[in-house]
Amino acid sequence: MMPSSQAFKIRLAYATRGLTAASHLLHHGKHSPYRFYSAASLPSASAVVVGAGPGGITVVGNLLEHGAELQTGQRKLVWVDPHFQGGRVNSRYREVPSNTKVNLFVQFAHEVSSFKAIVKASPKPNALTALQDLPQDQGCRLSYAADMCLMLTKGLAVHPQVQSHQGEVTSATLDERTNIWTVGFDDGQHVTTSKIALCTGSSPVSKTLPAIEKLHQSLAPVDLDVALSPSILAETFDPVANTTVAVVGASHSAILVLMNLVKLASSSHPHLRIKWFTRNELRYAEYMDGWILRDNTGLKGQAADWARQNLDNETFPDSPVSKVITKVWTAGKEEEAYKAELPGCTHIVQAVGYARNSLPRLEVIGKDGGDAKPLQLEYDNLNGRFYKTGGSNVEPERQYVPGLFGAGIAFPERVTDPHGNVEYAVGFWKFMKFVKKVVPGWVKP
Ligand SMILES: Cc1cc2nc3c(=O)[nH]c(=O)nc-3n(C[C@H](O)[C@H](O)[C@H](O)COP(=O)(O)OP(=O)(O)OC[C@H]3O[C@@H](n4cnc5c(N)ncnc54)[C@H](O)[C@@H]3O)c2cc1C
């Protein structure tokens with residue numbers, strides 16, 4: 001039998017030959033770089049990873065690093081996603097300027113051996129060389145990071161220990177008599193495993209804020225994803241109509257939206273105006289001695305530079321953006337402020353955070369057998385595990401659910417900086433650092 005590392009190299013050679021070769025292979029089935037399996041052919045898996053965004057890519061790479069402990073044997077790691085297209089960074093944020101430096105994306109692609117093998121086998125130029133050609137200590141358009149995700153996905157999908165299954169995981173049921181999970185797919189099939197990792201991502205919060213809902217005003221909502229993509233945003237407004245867009249929030253995303261709208265107002269949409277509703281002062285990430293203050297919550301990169309130059313209380317009055325943006329301070333007087341200022345608006349963009357996508361139905365069959373019951377869970381942001389709610393919340397006494405893990409933006413690490421500030425660590429490199437730290441505990445028999 002061919003050693004698996006050699007088989008991987010051969011498959012990688014197919015998978016990384018470039019688009020023309022890849023599409024030829026796809027059409028000729030047998031050696032397709034993406035091997036999608038029907039779930040019926042997956043009776044038992046060494047692990048199931050749900051989601052193929054940056055979080056899922058990170059987890060697959062790190063689980064493969066521990067192949068021996070995973071006791072893969074003849075069993076594969078089953079990787080599930082409806083698209084296998086790099087998650088939201090590719091589907092939604094390609095035009096967004098990154099808030100992390102290029103070198104962190106490059107580092108990400110070299111951190112585990114399966115990624116390194118993919119990088120090595122990929123003919124140049126490729127998505128990684130494109131990143132390497134950029135200034136390393138600056139940000140970049142996220143399309144570069146998205147292309148790297150696509151390259152890694154394509155390579156991982158042909159790893160001999162990985163079976164990709166195109167579809168959604170709809171349920172996962174733990175049998176406490178055996179500690180085996182039965183994972184159900186949207187095509188009605190299932191696979192059994194002792195380990196399942198949820199990397200299912202998050203989406204913008206779209207529910208209208210209560211203070212705004214009360215006003216019953218008919219404003220056209222602009223999806224945050226749309227507002228983050230200048231090319232799509234430009235198509236949203238009539239270039240000759242008087243348009244006033246309410247932007248709610250002061251996060252990184254809110255500032256990017258303001259940047260995009262100001263660009264439109266000063267080019268193709270001269271009648272566009274913006275009312276910016278904020279209850280927080282702008283907060284910036286600060287580079288300290290070996291660490292970053294507000295690393296996950298402060299403004300960084302292009303958004304920070306632009307905000308400093310144009311939006312800060314000191315710079316705003318003299319900035320050209322003050323001709324198109326009206327600042328509306330809402331702290332302590334939300335209802336009053338919205339009541340006074342929203343009526344002049346035609347559209348609204350809410351940039352008020354991201355929330356976990358809905359999870360597969362999680363259930364448990366108890367030690368005495370019987371019907372499956374819903375699992376009520378909390379996530380432990382320090383070790384990537386889940387524990388049952390209702391029991392003790394004291395860490396050593398927590399009832400951890402065997403074999404269930406989470407990572408990525410929906411399940412980030414909780415970190416405490418040297419000043420004692422607590423944040424949730426989100427980003428490619430942060431997912432990598434966290435998953436690398438916790439996976440040895442996940443794979444312990
Ligand atoms: C505006 C913005 C800018 C950002 N900029 C940066 C940056 O500059 N640098 C950086 O490092 N990070 C950045 N991030 C953070 C982070 O890297 C991205 O949000 C990233 O997309 C998160 O990856 P993920 O895999 O956790 O989630 P997602 O990208 O959302 O991927 C989740 C995947 O899971 C799949 N899925 C969901 N449910 C199921 C199911 N039931 N069955 C099967 N599959 C399922 C989805 O189809 C999707 O493919 C940014 C985030 C935002 C919002």
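Which residue forms a salt bridge with Asp-147, and how far apart are the closest N and O atoms? The legends below take up this pair first and then turn to other close-up views.

This is a predicted model, in which local features need pLDDT of at least 70 and side-chain atom pairs count only at pLDDT 80 or more, while totals for chains, interfaces and linings use all residues. Residues are numbered from 1 along each chain as its sequence is written, and side-chain values use heavy atoms, with hydrogens and water left out.

**View 1. Asp-147 and Arg-94 form a salt bridge.** The closest N and O atoms of this pair are 3.0 Å apart, where a salt bridge is a side-chain nitrogen of Lys or Arg within 4 Å of a carboxyl oxygen of Asp or Glu. The pair links distant parts of the chain, with Asp-147 in helix H9 (residues 142-156) and Arg-94, 53 residues apart from it, in the loop between helix H5 (88-91) and helix H6 (102-108). Helices (H or I, at least four residues) and strands (E, at least two) are DSSP runs, numbered from the N terminus. Asp-147 is partly exposed, with a relative accessible area of 30%, and Arg-94 is also partly exposed, at 29%; buried means under 20% relative accessible area, exposed over 50%, and partly exposed in between (1.4 Å probe, protein chains only).

**View 2. Helix H16 holds Lys-436, which pairs with Glu-111, and Lys-437, which pairs with Glu-413.** Lys-436 forms a salt bridge with Glu-111, the closest N and O atoms being 2.7 Å apart, and this pair links parts of the chain that are 325 residues apart, since Glu-111 sits in the loop between H6 and helix H7 (113-121). Both partners count as partly exposed, Lys-436 at 38% relative accessibility and Glu-111 at 22%. The side chains of Glu-413 and Lys-437 meet in a salt bridge of 2.4 Å, N to O; because Glu-413 lies in strand S22 (residues 413-416) and Lys-437 in helix H16, the pair ties together parts that are 24 residues apart in sequence. Here Glu-413 is buried, with a relative accessible area of 10%, whereas Lys-437 counts as exposed at 52%.

**View 3. Helix H3 (residues 54-65) is largely enclosed by the rest of the structure.** The helix has 12 residues and reaches 17 Å from its first C-alpha to its last, close to the 16 Å expected at 1.5 Å a residue, the expected span being 1.5 Å times one less than the number of residues. Of the 12 residues of H3, 11 are buried, so the helix is largely enclosed; among the buried residues are Pro-54, Ile-57, Val-60 and Leu-63.

**View 4. The structure holds 1 cavity of 30 Å³ or more.** On a 1 Å grid over the protein atoms alone, a cavity is a set of points where a 1.4 Å probe fits but cannot get out, and lining residues have an atom within 4 Å of a point. Grid points are joined across faces, edges and corners, and a volume is the space filled by probe spheres set on the points. The largest cavity has a volume of about 30 Å³, and the residues that line it include Ala-47, Val-48, Leu-63, Ile-196, Phe-405 and Trp-442. The elements that give two or more residues to this lining are strand S1 (44-50) and strand S7 (196-198).

**View 5. Phe-84 and Arg-294 have positive phi values, and a cis peptide bond joins Lys-124 and Pro-125.** Most residues other than glycine have a negative phi, and most peptide bonds are trans. Phi of Phe-84 is near 55°; this residue lies in the loop between strand S2 (76-81) and H5, and is buried, with a relative accessible area of 0%. Phi of Arg-294 is likewise near 55°, but Arg-294 is partly exposed, with a relative accessible area of 22%, and lies in the loop between S13 and H14. For the cis bond, omega is about -5°, and Pro-125 is found in the loop between H7 and helix H8 (127-132).

Note on methods
On a 1 Å grid over the protein atoms alone, a cavity is a set of points where a 1.4 Å probe fits but cannot get out, and a pocket is an open set with protein on both sides within 12 Å along at least five of seven lines; lining residues have an atom within 4 Å of a point.
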